[in-house]
Amino acid sequence: LSGLSGRSARQKKAQSCGYTEYLQKRYQLDELSCLYGETIREYRNIYLPSPDQAAAKLFYEFYDDFLNTFLSDTQEVFPGLSMEARLDQEPLCDENGEQYYYNHSKTYSCGEAAYTGAMISVAMGQQNKGELVSAESAVSAINGYLTHVRGLNEGKKLYIEQFLYMDNTVGFSHNAQILPEQVPAYILGMEPVLAAHSMGYGLWLYRNYVNNQIYNPQFALGTGGWSCTGNVQIEEIQGTPMALLKNGAGLRQRLNGDMRGRKSKEAKVRFRACSVTPCNLDIYFGAQKETIQIQADQVYEVFFFDAVASEVRFQSRGELYLDDIHVYNHMQEARLYDLDNQPLDCIAAFRKMNQQL
């Protein structure tokens, strides 16, 4: 709703997406005028409302209807198919300026499906002002939330397609989080809730990942995406392609992706490397340079601070192998497995919960 500017553009979009037709079949012009807070004389004057207008509820109704129709048509071909219903409630103001929450309960039953797809997160039922909450209070809030949903979806069980027990997504730091030391307790505490309300769950991620800016970081496409200087070869070592840099050889790549949180001006360069005899590798991040000694086959990390760069460059002073290159400044965390598939502190809680389920 906030992605368009200008009345004309909003009117055209309302007509092209079916919103105008939907309202014309269900609402009188005086009802629409009341919700829009202005006189709507003709249906062709209807436009997509902004989120702070009372009329925003009309768009949510339209979209819920669209989803239900789309699902019903699809179920004729794929019987039993469900969809992920939006359990989050939308903050709205009515025509008198009073705040309330709109829920998408009309989508909760998911048509003829035997279950409702859903995402649950700690943020549900919280103030979401950056607060840290206890595991016990969060479990109680989610249980109440799911009990309410099942009262509106014909009592169908849920399949939790995304069980978000923690979330450090950039831009959502205002969402409530479990006290860090209580996250395993929250996972275990959710066992009776999942058993009572769900037929299973899925996770967004099982292993931490980063916003890697590098194209072809593991050289599966040869040197595609890389600019090479000197003698650079791609060799397969135990089934894994690696870049062999002879003495004086270099690799360079421009960074065109989204470095989240660029205001921090911080970057991490991470890679796997090895050399038969110790040698140095120069890493350039823009105008900055760091040099490290390479020998053992391991993962190396270099941190660049106060640096925003358009390219990264590697220059070998000796002969070495290079692979699995990452340039990033954000890691999405789940506390299950790290970037190298090593177990982290929450995996034990999930194993125990799964056994109980």
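R272 and D323 form a salt bridge, with their closest N and O atoms 4.0 Å apart. R272 sits in strand β14 (residues 266–274) and D323 in strand β19 (residues 320–328), so the pair ties together parts that are 51 residues apart in sequence. R272 is partly exposed, at 24% relative accessible area. D323 has a value of 3%, so this residue counts as buried. This is a predicted model.

Salt bridges with shared partners also link R86, D88 and E90 into one network. The structure holds 16 salt bridges. Side chains of opposite charge can pair when their charged atoms come close.

K25 pairs with E21, and their closest N and O atoms are 3.4 Å apart. Both residues lie in helix α2 (residues 19–26). They are four residues apart, which means about one helical turn separates them. K25 is exposed at 62%, while E21 is partly exposed at 47%.

R26 forms a salt bridge with D65, at 4.0 Å from N to O. D65 belongs to helix α4 (residues 56–75) and R26 to helix α2, so this pair ties together parts 39 residues apart in sequence. D65 is partly exposed, at 29%. R26 is partly exposed too, at 43%.

## The whole chain

The chain has eight helices and 20 strands. Its C-alpha trace spans about 80 × 55 × 45 Å along the principal axes. The radius of gyration is 26 Å, whereas a compact globule of 357 residues would have one near 21 Å. Buried residues make up 44% of the chain.

There are 32 positive and 42 negative side chains. The centres of these two sets lie 5 Å apart.

Definitions and conventions:
Residues are numbered from 1 along each chain as its sequence is written. This is a predicted model: local features need pLDDT of at least 70, side-chain atom pairs count only at pLDDT 80 or more; totals for chains, interfaces and linings use all residues. Side-chain values use heavy atoms; hydrogens and water are left out. Helices (H or I, at least four residues) and strands (E, at least two) are DSSP runs, numbered from the N terminus. The radius of gyration is taken over C-alpha atoms; the globule rule is 2.2 Å times the number of residues to the power 0.38. Buried means under 20% relative accessible area, exposed over 50%, partly exposed in between (1.4 Å probe, protein chains only). Lys and Arg count as positive and Asp and Glu as negative; His and the chain ends are not counted. The place of a charge is taken as NZ of Lys, CZ of Arg, CG of Asp or CD of Glu. A salt bridge is a side-chain nitrogen of Lys or Arg within 4 Å of a carboxyl oxygen of Asp or Glu.
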